[in-house]
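Here is a short briefing to read alongside the model. Please have the sequence and the 3D view open as you go.

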Amino acid sequence: MKTMNLLKAVMVVILIQGMAMTAKAQDPRMVEFANKLQSGYEQFMQDFYARKYAEAEPVMLELINYLDTTTIYKIEELHIPEVAMRDQKANYQYDLACCYALWGKKKEALAMLEKSVGNGYKNYQNMVNDTDFKSICNTKKYKELLAIVQDRNPLTLLKKTNPYQKEENADIPKFAYQPVEHPNLNYVREYFQLDTIPGKGNELEHIKNLLHFAHDNIRHDGGNRAICEFTSIDIYNYNHSTGNGVNCRQMAISLCDMYLAMGYKARVVTCLPADPNDYECHVINTVWSETLQKWLYIDPTMDAWVMDENGLMLSIAEVRDHLVNGKPLVLCETANWNHENAQTKDYYLETYMAKNLYYFVCKQRSFFNQESIYRSIDNEDIRLIPVGFENNNFQCPTTTDPEIFWAKPE
């Protein structure tokens with residue numbers, strides 16, 4: 001009922017803390033801000049679940065007022081997107097609307113829900129299934145607000161996207177992959193004893209087993225960027241020496257190293273939303289299958305791959321096409337976050353990934369330490385976008401032709 005909204009609220013706090021760490025480590029202003037939000041929200045939820053709605057109300061009103069009055073997002077060096085503040089307030093207002101609805105204050109619940117929607121609330125799946133609104137879900141106002149949120153549903157927006165377009169003689173560099181015999185990849189293979197991981201079975205089973213290995217041995221934390229070189233070995237050691245998880249990009253970089261070390265062509269794929277002000281994306285892998293003669297969708301953060309109704313593993317491009325055209329999709333049974341939260345198709349594919357499959361960015365070359373933060377490396381981004389899409393967040397070679405972007409590796 002509240003789980004999805006609570007997760008989003010906590011993740012925004014973690015994200016903001018992570019941004020602060022990137023800009024200025026342990027900035028006291030950011031620590032105070034994050035602690036204020038987190039402690040206040042925890043108190044609200046404690047009262048909420050205890051059905052102490054009269055006690056929960058002023059706690060949440062104070063948090064909302066705090067977001068209305070703080071100017072921390074204006075501090076340039078902290079790099080807090082103003083849209084993150086608005087999204088956070090919309091979530092808080094949504095939660096307060098739930099509180100009012102359960103409290104029996106229908107008028108206040110609808111008024112607060114209207115404010116939440118006015119601030120951009122867009123989690124349609126959460127709202128349409130939220131039993132907290134049982135007392136108001138048949139009202140005209142609720143249905144009007146639900147219709148607005150449905151129009152913001154990531155899957156609805158993805159279905160409205162422009163098509164791709166073939167390009168002749170496009171000036172796009174070809175993707176390249178480090179050969180398996182490279183000394184760095186030999187080291188990765190030996191360090192993780194990868195020869196023992198794939199086990200018996202066909203190529204697809206090997207690919208899945210390497211995914212499981214990376215997922216099981218490196219913990220994810222979406223708000224933390226490991227302070228180390230961006231290699232599988234350093235990321236793994238950072239996780240195990242500090243106990244801190246790493247973000248989805250570092251998860252994908254680690255698995256990419258492992259695939260390359262085992263002779264599989266692989267890339268790190270940044271999956272991005274249409275909104276240039278959306279601060280949240282997701283980074284996964286794609287690995288080439290000689291058996292299926294196509295790239296496969298692989299997500300090490302969620303231990304996930306995706307299939308059609310016949311159990312055939314799909315590519316990222318195919319998953320996007322199935323979502324756009326309403327074709328059946330099956331999420332693998334292993335899909336989970338840190339073995340703590342199982343993933344569902346409705347949320348993971350139709351909400352979270354539907355938002356983040358609008359356009360894609362990959363590095364031109366896939367190799368050990370392909371995104372070093374300490375060394376200057378010549379490895380430019382390449383972007384695939386729909387026709388007519390305008391977004392300047394990435395200044396790099398760009399194509400609208402998926403055949404170029406998802407070309408078979410040479």
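D68 is partly exposed, with a relative accessible area of 45%; partly exposed covers the range between buried (under 20% relative accessible area) and exposed (over 50%), with a 1.4 Å probe and protein chains only. The model is predicted, so local features need pLDDT of at least 70 and side-chain atom pairs count only at pLDDT 80 or more, while totals for chains, interfaces and linings use all residues. Residues are numbered from 1 along each chain as its sequence is written, and side-chain values use heavy atoms, with hydrogens and water left out.

**Salt bridges**

- D68 forms a salt bridge with K89, at 2.5 Å from N to O; the term stands for a side-chain nitrogen of Lys or Arg within 4 Å of a carboxyl oxygen of Asp or Glu.
- Because D68 sits in helix α3 (residues 53-69) and K89 in helix α4 (residues 82-103), this pair ties together parts that are 21 residues apart in sequence. Helices here are DSSP runs of H or I with at least four residues, strands are E runs of at least two, and both are numbered from the N terminus.
- K89 is buried, with a relative accessible area of 17%.
- The count of salt bridges by this rule comes to 15.
- D381 and K363 also meet through their side chains, at 3.2 Å from N to O.
- D381 counts as partly exposed, at 21% relative accessibility.
- K345 and E350 make a salt bridge at 3.7 Å, N to O, and K345 is partly exposed at 31% relative accessibility.
- A network of salt bridges links E114, K141 and E144.

**Nonpolar cores**

- The largest nonpolar core has 82 residues, and those with the most contacts inside it are L194, Y259, Y297, I298, V319, Y348 and F360. Such a core is a set of buried Ala, Val, Leu, Ile, Met, Phe, Trp, Tyr and Cys residues joined through side-chain atoms within 4.5 Å.
- Helix α12 (residues 248-261) gives the most to this core, contributing 10 residues.
- Apart from this core lies another one of 41 residues, including Y92, Y100, A109 and V117.
- With neighbours within four places in sequence left aside, V319 is in contact (heavy atoms within 4.5 Å) with Y297, V306, L314, L329, L349 and L357.

**The six-stranded sheet**

- An open sheet of 6 strands runs in the order β4-β3-β2-β9-β11-β12, with mixed pairing. Two strands pair if DSSP finds at least two bridges between them.
- β4 and β12 (398-399) are the edge strands, each with a single partner strand, so one side of each has no neighbour in the sheet.
- Strand β3 (residues 282-289) pairs with β4 in the antiparallel sense over 5 bridges, and V287 stands opposite L296 in β4.
- The hairpin of β3 and β4 has 4 residues between the strands, and Q293 there takes a positive phi near 55°.
- Strand β2 (residues 266-272) and strand β9 (residues 359-363) run antiparallel and are joined by 4 bridges; T270 has V361 in β9 as its bridge partner.

**Around M85**

- M85 belongs to helix α4 and is buried, with a relative accessible area of 6%.
- Not counting residues up to four places away in sequence, M85 touches F33, L67, T70, I72, Y73 and I80.
- M85 and N119 are 34 residues apart along the chain, and their C-alpha atoms are separated by 9.9 Å.

**At the surface**

- I227, I373 and Y374 make a nonpolar surface patch of about 320 Å². Patches consist of residues with over 30% relative accessible area and no salt bridge, joining like charges within 9 Å and nonpolar side chains (Val, Leu, Ile, Met, Phe, Trp, Tyr) within 5 Å; accessible areas come from the Shrake-Rupley method with a 1.4 Å probe, and for residues only the protein chains shown count as cover.
- I373 is found in the loop between β10 (365-366) and β11 (381-384), and counts as partly exposed at 33% relative accessibility.
- K140 is placed in helix α7 (residues 140-152) and counts as exposed, at 65% relative accessibility.
- The C-alpha atoms of K140 and F367 are separated by 56 Å, with the two residues 227 apart along the chain.
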